[in-house]
Amino acid sequence: MEASAAAAASEEGGADERGPPGGRSGITSPSGGGGMGPARRRVAPVLVPLMVLALGAAARGGPGPVTCGSVVKLLNVRHNVRLHSHDVRYGSGSGQQSVTGVSAADDGNSYWRVRGRTAAVCERGTPVRCGQAIRLTHLGTGRNLHSHRFASPLSGNQEVSAFGEAGEGDYLDDWTVVCSGTYWARDSEVRFQHASTDVFLSVTGEQYGRPIHGQKEVHGMAASSQNNYWKVMEGIFMQPNEVFKVEQHHAEL
């Protein structure tokens, strides 16, 4: 059940977000200019019910590790918002697709697929190790979590955007999972450090107005703090592969 739903998720994309019209400094409407041009049209999937069912099936037997191919929502622990993106571009900085934090747990545009770093393959079901570089691909638009040396619109920290097409971007899409232990555990709080610029994925509470009223700015911060911690919440979790099971068996002996 989990594998078939995740395969469909990676092909179909996420649900459309409906927001109020209008503009605001720092954010443009979906048809706004800058960055990479108009985003490709998304197909509204019938995936969320499948995801919920698959989550229940995958969660049996303890939390386990986060694995490549899993589709997850990530919660910023301090500000209680989920990592989110949508077809709304920054009106300043790079002009690329914006990344924000939303408080709604059931928002369909907050799913991200866990993948290997750029130019690397991480086979489905392979547990993600602490210290490993990964990509997070937005399910709804096929763009990767990205950062670069532009200032973010509200706080002036480093901008975080969504970049690429159909999951293919560049080396600035790579983030290192900072955690304790051997693997990224589903019930642990972790940080994501940008592999090229060393900033941490963060939320500090700045809030947007129209057209994405109430959503929080997500940005990169140079310093480690409580604003940097994230935890896996809802999603589909690919079952760990046989190599991990053998390692766990030997560790228990």
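Trainee: Which residue stands opposite Val 190?

Mentor: Val 190 stands opposite Trp 230, a residue of strand E13. This is a predicted model, so read each position as a prediction. Strand E13 covers residues 230-236 and pairs with E9 in the antiparallel sense, over two bridges.

Trainee: Which other strand pairs with E9, and over how many bridges?

Mentor: Strand E8, residues 175-178, pairs with E9, residues 189-194. The sense is antiparallel and there are four bridges. In this pairing, Trp 175 stands opposite His 194 of E9.

Trainee: How do the side chains point along a strand?

Mentor: In a regular strand they alternate between the two faces of the sheet. As for the whole chain, its secondary structure comes to three helices and 13 strands.

Trainee: How is a pair of aromatic rings described?

Mentor: By two values, the distance of the centres and the angle of the planes. A search of the whole structure finds one aromatic pair. The ring centres of Trp 184 and Phe 192 are 5.4 Å apart and the planes lie at 75°, so this pair is edge-to-face.

Trainee: Are those two residues buried or exposed?

Mentor: Residues under 20% relative accessible area count as buried. Trp 184 is at 0%, so Trp 184 is buried. Phe 192 also has a relative accessible area of 0% and is therefore buried. In the chain of 253 residues, buried residues make up 50%.

Trainee: Which charged residues lie over a ring?

Mentor: Arg 186 has its charged end over the ring of Phe 237, 4.1 Å from the ring centre. Lys 73 lies over the face of Tyr 111, and here the distance to the ring centre is 4.7 Å.

Trainee: Where does His 146 lie, and what does its side chain join?

Mentor: His 146 lies in strand E6, residues 144-151. Its relative accessible area is 2%, so His 146 is buried. The side chains of His 146 and Asp 173 are joined by a polar contact of 2.6 Å. Leaving aside neighbours within four places in sequence, the residues in contact with His 146 include Gln 96, Glu 159, Phe 163, Leu 172 and Trp 175.

Trainee: How many of the chain's contacts join residues at least 24 apart?

Mentor: Take the contacts between residues at least 6 apart in sequence: 72% of these join residues at least 24 apart.

Terms used
Residues numbered from 1 in each chain as written. Predicted model: local features only at pLDDT ≥ 70, side-chain atom pairs only at ≥ 80, totals over all residues. Heavy atoms only, no water. Phe/Tyr/Trp six-rings, centres within 6.5 Å; stacked < 30°, edge-to-face > 60°. Buried < 20%, exposed > 50% of the residue type's maximum accessible area, 1.4 Å probe, protein only. Lys NZ or Arg CZ within 6 Å of the ring centre and 35° of its normal. Contact = heavy atoms within 4.5 Å. Pairing = 2+ DSSP bridges. Polar contact = N/O pair within 3.5 Å; in protein donor to acceptor, adjacent residues only side chain to side chain.
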